[in-house]
Amino acid sequence: MSTNSQVLLNLVAAAVWWFFFQSFRVIFSVLFGIIYDRVFVGPIDAWLVISIVLLLLALLLPALAPTKPTSQELAVAAAVVVITRIGLSINNPEVRYWSSLVVIAGSGLFLAGLLKRARRAVLLGFLLALALDVAFRAVGQTYDAALRVGWLPYQILVTVLLLILIAWSARNAEFQNRERRPPNVGILWGLSFGGLLFLELSLLSLPNAIARWSQWSYVAIAPTLLMITLLPLSSRVRRTILDLTQRRSWLRIFFAGLLIGTLLYGYFANGIFAAFSLLLSQTLLLIGLVGMLSSEDRLEANPGPWIALGSLFFLVLNFLNAFAFTYPYTLPFLRGLGWVFYVIAGLPVAAGVLRHAGPFDLMADAGSGYIWALPFAATTLVLVGISIWPQPVAKLPEDGNLRLATYNIHYGYDEHWRYTLENIASTIEDNDVDVIALQEVDTGRLTSYAVDDAYYLARRLKMGALYLPTVEHLTGIAILYKGTPEVRTTKLLTSLQEQTGIAHILLNSGSSSLHSFGIWVGLSDEDTVRQLNEALDFIGASSPATFGGDFNSTPETPVIQAVEKAGFTDPFIELGINPPPLTDPATSPTKRIDYVWIRGVKPLKAWVSPSLASDHRMVVVELDTSR
């Protein structure tokens with residue numbers, strides 16, 4: 001196949017893979033809202049089952065892929081994918097659900113056929129798609145820029161260009177040439193595919209998730225991860241991988257064991273070595289991918305059923321991982337056991353590294369690919385570097401008046417499960433908030449578009465961020481702030497149900513200092529009084545101080561009485577705003593559970609924002625800290 005033909009085919013494969021990744025991110029985020037509403041709010045209806053069954057059918061569709069696909073069949077599948085992808089940039093849960101369902105089904109059919117026809121395009125397309133994904137998420141500050149409403153006109157243009165490219169490919173005789181032998185597929189191959197997808201989309205292709213797991217620098221991890229992903233685009237690197245792994249059985253054993261070990265170390269440790277460990281996991285995973293798509297086998301096998309098996313395995317792992325985050329309300333025994341599912345995903349990948357040891361010739365004519373890979377790699381690295389370059393944090397007001405707030409951001413969703421993180425940012429910005437306590441903050445979960453809420457909001461608002469992970473590294477609370485804090489501390493609180501904690505910063509505002517504390521208090525079936533007493537012990541005699549958060553308690557409850565007994569006052573009451581505005585739910589609120597308490601400082605104003613960007617309303621208090 002000529003170089004130009006191969007490059008164009010790689011681009012088609014990369015587009016399909018990229019849309020495949022985005023669709024999983026979208027559909028699991030939409031399903032999160034569907035399942036949450038019907039299980040925890042009610043009523044449970046038929047759509048709960050139907051929506052999951054339809055996803056299951058879409059994942060199983062590759063099992064019906066033709067054994068000998070024609071170029072026209074592949075072109076139709078690719079065209080359906082790129083046309084339907086337009087719907088993912090429309091911020092409507094229903095449109096996104098149906099669009100992602102079709103993209104997933106069409107992508108599976110296309111990739112199953114392409115595996116029979118051009119394995120190298122499958123491999124290089126996967127790597128290109130991962131690089132594109134990292135780049136677009138970096139440009140969007142972890143919120144994929146290509147999933148924004150503003151991207152829609154560009155997506156339409158991309159669709160037109162891709163359709164032209166697909167039509168050209170379908171007519172090109174080079175496209176119809178088959179690999180001399182089909183890939184080595186079977187049950188192990190399918191499970192390896194599913195485990196690899198889970199590890200990539202849930203952790204290892206997400207620099208923000210690696211940063212949160214390891215508590216290391218996102219700015220350092222993002223470009224490093226991208227370089228690791230780009231390296232196998234070089235045919236020389238791929239051939240080196242094959243030489244090392246397929247001719248040295250001891251090295252394959254070492255790599256397989258190391259993959260599991262690095263995942264476990266990255267989960268339980270933190271710091272630079274944990275970050276290095278997870279980056280090494282990604283390296284090993286890509287080595288496994290090269291092996292999966294490079295070994296020869298004379299068996300005439302159809303990869304479609306095994307892609308379907310892998311996709312089903314991927315689905316099960318994602319649901320189990322979601323249960324690990326929602327353990328108090330689903331399967332309590334899963335508390336702290338999220339690492340188990342990463343190990344389960346890694347085991348078939350590790351076994352696949354051991355299995356794929358036959359002769360190879362797939363990369364023999366790939367040397368020219370390095371010519372186009374180098375400029376692509378350089379461009380994406382520069383783009384990511386510019387996007388994540390550290391920016392200065394806005395200064396605190398010099399007049400000594402500060403605006404403090406608390407906001408339960410509902411993982412970035414409004415009440416109707418539209419993704420509204422930008423609206424949440426605008427709400428904070430419009431109220432000119434200087435310090436804000438945030439609750440229900442996700443930092444890389446597949447069920448909230450894998451966005452790092454704390455990083456995105458801090459970057460968007462030119463604020464600093466203190467994040468406390470409370471559940472499985474990627475869910476917790478945060479404090480965003482202007483200025484430079486003198487102290488940043490956090491503490492986990494005893495939790496019978498969902499793990500929670502308290503965060504603290506000490507800010508110097510001109511001639512005075514202010515302690516600011518943020519909390520999320522457990523729900524009614526939690527020992528909330530004990531949690532609050534532990535939080536008050538953590539606060540101690542700090543003054544002047546603010547204490548904001550979602551207390552999940554109304555004013556007459558023992559939790560609120562304990563706060564008042566500790567010397568905190570309600571700024572609304574002090575300002576004569578009685579009764580204070582209600583805060584939950586955002587639309588037609590019926591109760592007050594969100595507060596900013598103050599001690600040793602004078603309130604000037606207090607209000608509740610009318611914004612419906614989240615399922616709670618934001619509470620804001622303006623203080624005079626000059627005394």
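Is lysine 482 buried or exposed? Select lysine 482: the residue is buried, with a relative accessible area of 13%. Buried means under 20% relative accessible area, exposed over 50%, and partly exposed in between, with a 1.4 Å probe and protein chains only.

Before going on, note that this is a predicted model, in which local features need pLDDT of at least 70, side-chain atom pairs count only at pLDDT 80 or more, and totals for chains, interfaces and linings use all residues. Residues are numbered from 1 along each chain as its sequence is written, and side-chain values use heavy atoms, with hydrogens and water left out.

**Stop 1**

A salt bridge here is a side-chain nitrogen of Lys or Arg within 4 Å of a carboxyl oxygen of Asp or Glu. Helices (H or I, at least four residues) and strands (E, at least two) are DSSP runs, numbered from the N terminus. Aspartate 432 counts as partly exposed, at 43% relative accessibility.

**Stop 2: further salt bridges**

The whole structure holds 13 salt bridges. Select arginine 445 and aspartate 442: their closest N and O atoms are 3.6 Å apart. Both residues are buried.

Next, select arginine 530 and aspartate 527. Their side chains meet in a salt bridge, 3.6 Å from N to O. Arginine 530 is partly exposed at 32% relative accessibility. Aspartate 527 is partly exposed at 31%.

Now pick Glu422, Glu429 and Arg460. Salt bridges link these residues in a network.

**Stop 3: a helix pair**

Select H3 (residues 71–84) and H4 (residues 93–117). They pack at an angle of about 150°, with axes 8 Å apart. Axes are lines fitted to C-alpha atoms, for helices over the stretch in contact, and angles run from 0 to 180 degrees between N-to-C directions. H3 and H4 are therefore roughly antiparallel, a label for angles over 145 degrees.

Show the side chains where the helices touch. Contact means heavy atoms within 4.5 Å. On H3, the contact residues include Leu74, Val80 and Val81. On H4, they include Val102, Phe110 and Arg117. The contact residues divide into 9 nonpolar, 6 polar and 1 charged. Ala, Val, Leu, Ile, Met, Phe, Trp, Tyr, Cys and Pro count as nonpolar, Asp, Glu, Lys and Arg as charged, and the others, Gly among them, as polar.

Methods
Angles under 35 degrees count as roughly parallel, over 145 as roughly antiparallel, 65 to 115 as roughly perpendicular and the rest as oblique.
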